[in-house]
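Have the viewer open as you read.

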Protein chains: 2
Amino acid sequence: MFSTLAALAEPNRFRIVELLRSGPRHVGEIEKRLKLRQTQVSKHLRVLREAGIVVSTVDAQRRLYELRPQPFRELDDWLEGYRSYWEARLDELETHLDNSRTE
Amino acid sequence: MFSTLAALAEPNRFRIVELLRSGPRHVGEIEKRLKLRQTQVSKHLRVLREAGIVVSTVDAQRRLYELRPQPFRELDDWLEGYRSYWEARLDELETHLDNSRTE
DNA sequence: CACGCATATGCCTCTACATGTATATTAATC
DNA sequence: GATTAATATACATGTAGAGGCATATGCGTG
């Protein structure tokens with residue numbers, strides 16, 4: 001869970017994930033689309049791979065990267081525990097806090 | 001969104017959030033329950049506060065910290081965009097990837 | 001108003017990580 | 001088999017962040 005969150009917390013990795021949502025991509029595609037250096041892309045993909053967020057499949061001399069659903073499911077499962085919490089407060093719109101808020 | 005993810009990616013902050021899920025707590029309570037130093041707790045709470053994950057209300061010389069629902073809703077909304085993605089693959093169980101997986 | 005309790009902040013250190021540059025690896029092509 | 005394309009890795013550098021320690025701030029109580 002931590003590795004998932006940490007991986008997604010980095011802006012460029014987040015962009016990569018968002019791009020991969022539209023379908024698998026080669027490293028070179030990611031590089032061009034997001035205007036990143038090749039080494040940056042490879043390194044970020046490594047972090048994403050080690051976090052289980054993507055998998056790569058060999059495609060000739062290139063590699064195709066693709067999202068794995070599992071970490072997203074896990075995140076969703078974790079959030080599930082908070083859903084009751086925030087849904088209970090939907091109507092309040094947090095106005096009861098705005099009065100005495102510190103910041 | 002990044003500040004939310006970054007805040008949650010830190011293990012001790014994650015524990016604080018998990019603790020607060022059961023209800024608002026004072027700093028001292030968090031300190032004892034999670035066996036952290038007071039300054040650690042205060043600093044982590046600051047990060048969580050700046051990320052909009054918690055709010056503090058003054059309670060005499062103490063401060064009561066409480067979760068805000070909004071960041072969780074935002075995370076959920078973001079995940080929503082991936083739900084169709086992973087639900088489409090629920091049946092496959094990713095077996096089609098295990099064959100050629102690189103790692 | 002002096003003291004004590006609860007919490008926040010400043011400073012220091014250490015480690016982790018993001019980037020850049022150079023180079024290694026692997027596969028396709030001639 | 002030498003060359004080129006696609007990707008990965010090693011090394012160096014800068015910077016942000018987490019923890020520890022000391023101290024400041026704020027509030028209540030005597």
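In chain A, three strands form an open sheet in the order β1-β3-β2, with antiparallel pairing. Because β1 (25-26) and β2 (54-59) of chain A stand at the edges, each with a single partner strand, one side of each is left without a neighbour in the sheet. Strands here (E, at least two residues) and helices (H or I, at least four residues) are DSSP runs, numbered from the N terminus, and two strands pair if DSSP finds at least two bridges between them.

Before going further, a word on the ground rules. This is a predicted model, in which local features need pLDDT of at least 70 and side-chain atom pairs count only at pLDDT 80 or more, while totals for chains, interfaces and linings use all residues. Residues are numbered from 1 along each chain as its sequence is written, and chains are lettered from A and ligands numbered from 1 in the order in which they are written.

Back to the strands. Strands of a sheet pair through backbone hydrogen bonds, either parallel or antiparallel. β1(A) and β3(A) run antiparallel and are joined by two bridges: A:Arg25 stands opposite A:Tyr65 in β3(A), and A:His26 has A:Leu64 as its bridge partner.

Now look at the helices. α2(A) lies across β1, β2 and β3 of chain A, running at about 85° to β3(A). Two packed helices are described by the angle between their axes and the distance between the axes. For α2 (residues 11-20) and α3 of chain A, the axes come within 11 Å and cross at roughly 115°, which makes α2(A) roughly perpendicular to α3(A). Axes are lines fitted to C-alpha atoms, for helices over the stretch in contact, with angles from 0 to 180 degrees between N-to-C directions; 65 to 115 degrees counts as roughly perpendicular. A:Arg15, A:Ile16 and A:Leu19 in α2(A) meet A:Ile30, A:Arg33 and A:Leu34 in α3(A), contact being C-beta atoms, placed from the backbone, within 7 Å. By class, this contact has four nonpolar, no polar and two charged residues. The classes are nonpolar (Ala, Val, Leu, Ile, Met, Phe, Trp, Tyr, Cys and Pro), charged (Asp, Glu, Lys and Arg) and polar (the others, Gly among them).

Chain B has an open sheet of three strands too, in the order β1-β3-β2 with antiparallel pairing. Helix α2 (residues 11-21) of chain B lies across β1, β2 and β3 of chain B, at about 90° to β3(B).

How values were computed
Parallel < 35°, antiparallel > 145°, perpendicular 65-115°, else oblique. Contact = placed C-beta atoms within 7 Å.
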